[in-house]
Amino acid sequence: MQPRIIICGLGRTGYKIFRLLSQQGAEVIGISDRPMSLNSKAVIVGDPRQATTLIHAGIREAQALVLANNDDALNLAVLTQAQVLNPHLRIVNRLYNQTLGDRLDQTLPEHVSMSVSALAAPIFAFAALGNKAIGQLNLYEKTWPIHEEVIDRDHEWLGHSLSEFWENPDRMLIHYLPAKGEEDLVSAVVAGKQLQVGDHLILGTPPTVKSKRGSIFRKILKAIANLRQYQHHVRPMTLVITALLITICVATFTYVFVNFDLSLVDALYFSVGMITGAGGKEEVAELAPDWVKLFTAIMMVVGAGVIGICYALINDFILGSRIRQFWDATKIPNQNHFVICGLGGMGMAIARQLHQQGHDVVVLEDDHKNRFLNSARALGIPVIITDASVGDSLHDAYISRAEALIAATSQDMTNVEIALSAKAIRPDLSVIVRIQDANFAQSAQEVFDFDLVLSPTELSTHSFAAAALGGRILGNGMTDDLLWVALATNITNIHPFCGQVVRDAAIAINFVPLYAESAGENIHGWPLLDHTLNPGDVLYLTIAANGLQNLWRRNMDDEPDLNPSLKNANVKTLGAFIPQSP
């Protein structure tokens, strides 16, 4: 029996997941709040929060429910209703609130929270770092960055056997792209194939953190140099304070000139008291000629206006957000940094990723009430409140000396405008652009010659599909046009890999085994290839996203090259492989 998977919310992300799962052969039912031009039997139109709608979609017989709406509150409402109707249902929940997602994962045993931003952000970050192969893996309770090695004539690995790299636990082989022909990584490793010019290797390495060095003196100099970036905020207050001081000086010297017996201190005391309204030494004006009294009255009016404006500006600076923006301006890096435009969920995830790796980051955001402002500043990431599409704003972020710019706002046109503005200032700048529409993303990269244009939806939907089918997602990445997914699967009695040797399964299905957990031990390297998978084992692997169907193929008899033992496995139906999260 094919697994029934219900997709709730057929927006851009939900529709992509719906199509991917349909292509894998799963029985997919979509729930939409409006009619769609799809197979009427495959789409239920109605309110997913209503029990009748979920029952009509077959919630009681379903194996998994994917909540793909972009509204956390709606997804949570559907989740509670679905749990009541089917407590054993596997739920893949798209959530922006990661804290809520973690709590739900801990509370509900079959709940998997996922975020488009969290899945796609590492790929944006690694793209900004200049890697052709980009992505990350969560292995051994660490996040491993993924990079690409292209073998050229001067490469130190030229002529070395792939088998030399298989045993090294600090260099995880992820994917292999031979210069000529096609061959999977495991087959090449077993055969001892030597690396040739033009071969590509995708590798995972232990995470490293860039050391941030710099004396206190250099930090002070940078802060002073960056003060000019904030001059458009400081200028009004400076002008008003200057006008106040001039008014006090004019009044003070006028009273001294009229009465030479009056000391400069007494004249200053009376002038300040008269202008601020505090009073004191009133006899200075009472005993003076009429024109001095008239002058005093004018000074009172002028002083009251200047003092009022001065108080208002000081209050706005201290009690408002100006002092925080001023402090951020003093911390803006002036070279070898990354400029992120847009502090939404995606921008915040990218900034956090780069910051955790030790890189300097500055964020441009036009909304002073942005909900991620406090989170960014708590990490020590400076945020400039400005319109990133304006050339002056990019100059304030020292775009001319930046490593790369990432346009990550929620608006495609704004991102294109920002990228074009940055290229106009510095044509050789590495620019990474976020565009939701996958078709537009491809054409924009070709037309505008951006370094990379990425669609978060395209980068994340394969992971959602794999999670719905039962895999525990560890990460994903992309090189050239190849998108791959890393996942963990628990070996059960009905698992198609149960009783199989890892080497045979990997060659037949064309995946790369990373390591396995068996009887409380981690198995890696050559022992992993020779290991026979038993119930209770957990296998960690990577596979090309377009090859996910090979893991859940309903009928493997049509594959002439498959290992005979795998053909005889219990994999006649897609339902035979629904691994549970370990």
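Strand E14 is joined to strand E15 (residues 430–434) by four bridges, and the two run parallel; helices (H or I, at least four residues) and strands (E, at least two) are DSSP runs, numbered from the N terminus, and two strands pair if DSSP finds at least two bridges between them. The chain passes from E14 through helix H17 (residues 412–425) to E15 in a right-handed β-α-β crossover. Right-handed here means that, with the strands pointing away from the viewer, the path from the first strand over the helix to the second runs clockwise. Within E15, Val431 is the bridge partner of Leu405.

This is a predicted model, in which local features need pLDDT of at least 70 and side-chain atom pairs count only at pLDDT 80 or more, while totals for chains, interfaces and linings use all residues. Residues are numbered from 1 along each chain as its sequence is written, and side-chain values use heavy atoms, with hydrogens and water left out.

E14 has a further parallel partner, strand E11 (residues 338–341), to which four bridges join it. There, Val339 stands opposite Leu405. In a regular strand the side chains alternate between the two faces of the sheet. Strand E14 (residues 404–407) is covered on both faces: Ala404 and Ile406 are buried on one side, and Leu405 and Ala407 are buried on the other. Buried means under 20% relative accessible area, exposed over 50%, and partly exposed in between (1.4 Å probe, protein chains only).

Another buried residue is Asn69, which counts as such because its relative accessibility is 14%. Asn69 sits in the loop between strand E4 (64–67) and helix H3 (72–85). Leaving aside residues up to four places away in sequence, Asn69 touches Cys8, Gly9, Leu74, Asn75 and Arg94, where contact means heavy atoms within 4.5 Å. The C-alpha atoms of Asn69 and Arg12 are separated by 9.4 Å, although these residues are 57 apart along the chain.

Together, Leu294, Ile298 and Val302 form a nonpolar patch with about 270 Å² of accessible area. Patches are made of residues with over 30% relative accessible area and no salt bridge, nonpolar side chains (Val, Leu, Ile, Met, Phe, Trp, Tyr) being joined within 5 Å and like charges within 9 Å; a salt bridge is a side-chain nitrogen of Lys or Arg within 4 Å of a carboxyl oxygen of Asp or Glu. Accessible areas come from the Shrake-Rupley method with a 1.4 Å probe, and for residues only the protein chains shown count as cover.

The chain has 22 helices and 21 strands, and 51% of its 582 residues count as buried.
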